[in-house]
Amino acid sequence: MATFRNPVNGYTESIGPGTLIFGMLFGPIYYAFLGMWGIAALSLFVGGPFIGFLFIVLAGIIKPSGIGVIMVILAPSLAWSATMLPLIARFYSRQGWELVD
């Protein structure tokens, strides 16, 4: 888990499991809320097909069964959220935040 501190006002922001979970659950909305518009757009572009597939499965149009459903839906979301962590850290570094840990 990495913690960044804003040198102007001393505010700290941590990147870790919570960021991973919120990124997996809310995706582009979470990144846009944090003001990371580029990451939000990238997440929407790449994650959009997975979200569409999830809605198709939930609507009952496709009725897959077994553990394969969980793997098809959750595995890409978890992998994508995990790859976002270095991008978020780079975002804070470029904004002038200092790495505390």
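Here are a few questions and answers about this predicted model. Local features need pLDDT of at least 70 and side-chain atom pairs count only at pLDDT 80 or more, while totals for chains, interfaces and linings use all residues. Residues are numbered from 1 along each chain as its sequence is written, and side-chain values use heavy atoms, leaving out hydrogens and water.

Me: Is tyrosine 92 buried or exposed?
Reply: Tyrosine 92 sits in helix α4, residues 67-94 (helices are DSSP runs of H or I, at least four residues, and strands are runs of E, at least two, numbered from the N terminus). Its relative accessibility is 6%. The cut-offs are under 20% relative accessible area for buried, over 50% for exposed and partly exposed in between, with a 1.4 Å probe and protein chains only. So tyrosine 92 counts as buried.

Me: How far apart in space are tyrosine 92 and arginine 5, C-alpha to C-alpha?
Reply: In sequence, tyrosine 92 and arginine 5 are 87 residues apart. In space, the C-alpha to C-alpha figure is 9.0 Å.

Me: Which residue in β3 is the bridge partner of arginine 5?
Reply: Strand β1 covers residues 2-5 and pairs with β3 in the antiparallel sense over two bridges (pairing takes at least two DSSP bridges between two strands). In β3, the partner of arginine 5 is glutamate 98.

Me: Which strands stand at the edges of the sheet?
Reply: The open sheet has three strands in the order β2-β1-β3, with antiparallel pairing. Each edge strand has a single partner, so one side of each is left without a neighbour in the sheet. Those strands are β2 (12-15) and β3 (98-99).
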